[in-house]
Amino acid sequence: MRGARFGSWLALALGVLYFLVPLISTLEFSMRMKRGEYSFEAYRVVLGDPRFQQSFLYSTTLALATIVIGVLLVLPTAYIIRLRLPKLRPIVEFITLLPLVVPAIVIVFGYLRIYNSSSFLPMTASARATDLLLTFGYVTLSLPYMYRAVDSGLRAIDVRTLTEAAESLGAGWPTILFRVILPNVRSAILSGAFLTFAIVIGEFVFASLLNRPAFGPYLQLVGANRAYEPAALAIIAFLVTWACMGLIQVFGRGTRASRPSL
Amino acid sequence: MAFLELENLSKSFGANVGVHQVTLAIERGEFVSFLGPSGCGKTTTLRMIAGFEQPSSGDIRIDGRDVTGLRPNQRNIGMVFQSYALFPNMTVAENVGFGLKVARAPATEISSRVEEMLQLIGLPQHGERYPYQLSGGQQQRVALARALAVRPTLLLLDEPLSALDAKIRISLREEIRRVQRQLGITTIYVTHDQEEALSMSDRIVVMNEGRIEQLGTPFEIYNYPRSRFVASFVGTLNTLATIVTDPASGRVEVDGQPLTVSGLNGAKPGDRLTFALRPEAISFRSPTPGINTLAGTLEEVSFLGSIVRMRVRFGENVLSLDTFNTPNEPPPSRGDHVTVGFAARDLRLLDNS
């Protein structure tokens, strides 16, 4: 018994060390920009860099667009699959998992072949169209997370009966979807949204190969040319991700608290 | 012309027939129950009336208008579900007012109607609560108010009390009936609970295997079941397997003991016939001329409070009988030899279907 407990503590300690040592080392290193003293100089430089602000703003905007398009695509799909076409569910699940199996580089090469400037739909010919293409790419990348989050949210409510109750009260499809179903899966959508945000903020391959000024390529650029700033950026990126995960937890708890107790 | 008419309504699910050629006419203001075991087609029929299922064939007319092809949101039918189906994100008042809001009624009308409905169901103080803050019985009352708020032409209730405990069930069924009478709304009530159907309905439709077995008032259904299924599903039923000895004088035999019955026209000596007998028609008797008596052994005694239910065995046959509890007379014990009696008119010949 005692041995088993010691073993679990040891495993936990090793795990914590495995995660914390690199993190603390990065943090420590990021604070040594000024010789002989600890400071946040690297953070000041990074945060003051206009390219940081531009690329972070660019990625944030794209992340928000990705979330909106993702929700508009996934919510009605998951809803209809659950309500009317349950037989298609395995197929749709398979499709939504594909981005995990097909490497991003393959997807983006596919995009470049199909949408290049001499193709029938030359989306890479202008910056705005490329932004749109990049956003669609991000929607694809976030599909496994968004679909699963929304689908498990729908599983937690009685979609069929709520739909029928609303229908018998005279409601049409848009009313049912946006006034009855959406508010009840809001926390699931939010957790999907935060995951999407985290993915888009750190994404490199799509943005780099489509040559867009996103945060991922900026991270790479700084990492290749500077010493202390990449460490500061890594810590900032970690904080953003953790904030997203913390928000998922907060909203996840919100659902459980408001769920009927009967 | 009846208010709601179902004509040859059928529904198949692949090779399975869910509902088969149901024809039914319900008058305005009537309270009709669909009663039957699970899978008998009662809920499917209800869902076709509501518009959630499309019939494979047949017509549905409400007040002379054919609604068969209409979507559920075009039918103006109120529906109450077993699982309440209140919208968890809305307060009680928002739930009740949902239908009116969808219909774009003015805000003042919505709030006055919501108030009126909450008064009707006896929850006037609960408008600002959320469904999860209410008990099951309260949630179902809100669901009823929500269904009625839009002034539907027809109210459908799909096993609304099944998820509630026994005491609430009884008080709520009285309340549903009170509200229904007060508003005079034509109502269809689906249940597998015969007591609910018997106590609430103007008429009962007993369904089995997708067909209507019998349609009648609770009194008719209980006392004059037309088939073995109805007799056994509604109430407790004794069946007596008899052998005809003398058809002319109405004599049959149960486990070697003679009985006199009526309605043996066409039977031959040696025919095996089954009769139904309600527990309350049987009592302890000493052998008396003109009354059928059977001697047997008491196999089981259940004390149920106001009623004592007993089972008496005669060879292969077992009869259940109910007697009222009398405080100064303890019930007999298991194993006692007893004689029970019943009138010949209480025996109902069952068709063998």
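Let me start in chain B. The axes of helix H4 (residues 136–149) and helix H5 (residues 166–183) of chain B come within 11 Å and cross at roughly 15 degrees. Axes here are lines fitted to C-alpha atoms, for helices over the stretch in contact, and angles run from 0 to 180 degrees between N-to-C directions. H4(B) and H5(B) are therefore roughly parallel to each other. That label covers angles under 35 degrees; over 145 is roughly antiparallel, 65 to 115 roughly perpendicular, and the rest oblique.

A word on the model. It is predicted: local features need pLDDT of at least 70, side-chain atom pairs count only at pLDDT 80 or more, and totals for chains, interfaces and linings use all residues. Residues are numbered from 1 along each chain as its sequence is written, while chains are lettered from A and ligands numbered from 1 in the order in which they are written. Helices (H or I, at least four residues) and strands (E, at least two) are DSSP runs, numbered from the N terminus.

Back to the pair. H4(B) passes H5(B) in a right-handed crossing. Which residues make the contact? From H4(B), they are Gly137(B), Gln140(B), Leu144(B) and Leu148(B). From H5(B), they are Ile168(B), Leu172(B), Ile176(B), Val179(B) and Leu183(B). Contact means C-beta atoms, placed from the backbone, within 7 Å. By class, that is 7 nonpolar, 2 polar and no charged. Ala, Val, Leu, Ile, Met, Phe, Trp, Tyr, Cys and Pro count as nonpolar, Asp, Glu, Lys and Arg as charged, and the others, Gly among them, as polar.

Next, the sheet. Chain B has an open sheet of 5 strands, in the order E15-E19-E16-E17-E18, with antiparallel pairing. Strands E15 (283–284) and E18 (317–324) of chain B stand at the edges, each with a single partner strand, so one side of each has no neighbour in the sheet. Pairing needs at least two DSSP bridges between two strands. E15(B) and strand E19 (residues 337–342) of chain B pair over 2 bridges. In one of them, Ser283(B) has Gly341(B) as its partner.

Now chain A. It has 12 helices and 0 strands. Its C-alpha trace spans about 75 × 70 × 30 Å along the principal axes. Of its 262 residues, 33% count as buried. Buried means 20 or more other C-beta atoms within 10 Å of the residue's own; exposed is 12 or fewer, and partly exposed lies in between, with C-beta atoms placed from the backbone.

How do the chains meet? The contact takes 20 residues from chain A and 21 residues from chain B. Helices H7 (159–168) and H8 (173–184) of chain A each supply at least two residues of chain A's side. H7(A) gives the largest share, 6 residues. The side of chain A has 8 nonpolar, 8 polar and 4 charged residues.

Stay with H7(A). Of its 10 residues, 8 are buried, so it is largely enclosed by the rest of the structure. Among the buried ones are Val159(A), Leu162(A) and Glu164(A). The buried residues pack against helices H3 (50–83), H6 (127–155) and H8 of chain A, together with helix H1 (42–50) and strand E6 (77–80) of chain B. Just after H7(A), Gly170(A) takes a positive phi of about 95 degrees.

Last residue. Ala198(A) sits in helix H9 (residues 186–202) of chain A. Ala198(A) is buried, with 21 other C-beta atoms within 10 Å. Leaving aside neighbours within four places in sequence, Ala198(A) is in contact with Thr241(A) and Cys244(A).

Terms used: Contact = placed C-beta atoms within 7 Å. Left-handed = near helix turned anticlockwise from the far one by under 90°.
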